Amino acid sequence: MKNNNNTEPQQPQKQEFLFEGINYKILLIGIGVIALGFILMSGGGSKDPNIFNEDVFNFRRIRLAPTTVLIGFGIAVYSIFKKSK
């Protein structure tokens, strides 16, 4: 017969998340901004491969979209490093 010295009842362990809820919300915002940046980069193709389309080099695709993606990555990194109170 086994002698059980542990007479205290076992309490179920509480499930803990790695981050707070605000961190996940900020992370989702960052992912949305990254997706917006990639959407801004899309398009500008030409139906005829022999005709060059100048829209590939416009401001939206060269400056705005990559900046938006980098800002989105910055928001995502901020959400990871944000300390909970």
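The questions below move from the helices to the loop and the chain ends.

This is a predicted model, in which local features need pLDDT of at least 70 and side-chain atom pairs count only at pLDDT 80 or more, while totals for chains, interfaces and linings use all residues. Residues are numbered from 1 along each chain as its sequence is written, and side-chain values use heavy atoms, with hydrogens and water left out.

Q: Why is Ser79 called buried?
A: Buried means under 20% relative accessible area, exposed over 50%, and partly exposed in between (1.4 Å probe, protein chains only). Ser79 has 2% relative accessibility and therefore counts as buried. Its place is in helix α2; helices are DSSP runs of H or I with at least four residues, strands are runs of E with at least two, and both are numbered from the N terminus.

Q: Which residues does Ser79 touch, not counting residues up to four places away in sequence?
A: Contact means heavy atoms within 4.5 Å. On that basis Ser79 touches Asn23, Ile26 and Leu27.

Q: What makes the pair formed by the Ser79 side chain and the backbone oxygen of Ala76 a polar contact?
A: A polar contact is a pair of N or O atoms within 3.5 Å; within protein, one must be able to donate a hydrogen and the other to accept it, and residues adjacent in sequence count only if both atoms are side-chain atoms. A polar atom of the Ser79 side chain lies 2.6 Å from the backbone oxygen of Ala76.

Q: Is Thr68 buried or exposed, and what does Thr68 touch?
A: Thr68, also found in helix α2, has a relative accessible area of 12% and is therefore buried. Beyond residues up to four places away in sequence, Thr68 touches Val33, Leu36, Gly37 and Leu40.

Q: Where does UniProt place the feature "transmembrane region", and how much of each span is helix?
A: The unreviewed UniProt entry places this feature at residues 21-42 and 62-81; UniProt positions are given in the numbering used here, feature names are shortened, and annotations may be inferred rather than shown by experiment. In the model, residues 21-42 are 95% helix and 0% strand, with end C-alpha atoms 32 Å apart. Residues 62-81 are 100% helix and 0% strand, and their end C-alpha atoms lie 30 Å apart.

Q: Why does Val56 count as partly exposed, while Glu54 counts as exposed?
A: Val56 is in the loop between α1 (21-41) and α2 (59-81), and its relative accessibility of 35% makes it partly exposed. Glu54 is found in the loop between α1 and α2, but at 55% it counts as exposed.

Q: Which residues form a nonpolar patch on the surface?
A: Phe52, Val56, Phe57 and Ile62 do, with about 390 Å² of accessible area together. Like charges are joined within 9 Å, and nonpolar side chains (Val, Leu, Ile, Met, Phe, Trp, Tyr) within 5 Å. Accessible areas come from the Shrake-Rupley method with a 1.4 Å probe; for residues, only the protein chains shown count as cover.

Q: Why is Lys85 called exposed?
A: Lys85 lies in the segment after α2, and its relative accessibility of 100% makes it exposed. The C-alpha atoms of Lys85 and Val56 are separated by 46 Å.

Conventions: Patch = residues over 30% accessible without salt bridge, like charges linked within 9 Å, V, L, I, M, F, W, Y side chains within 5 Å. Salt bridge = Lys/Arg side-chain N within 4 Å of Asp/Glu carboxyl O.
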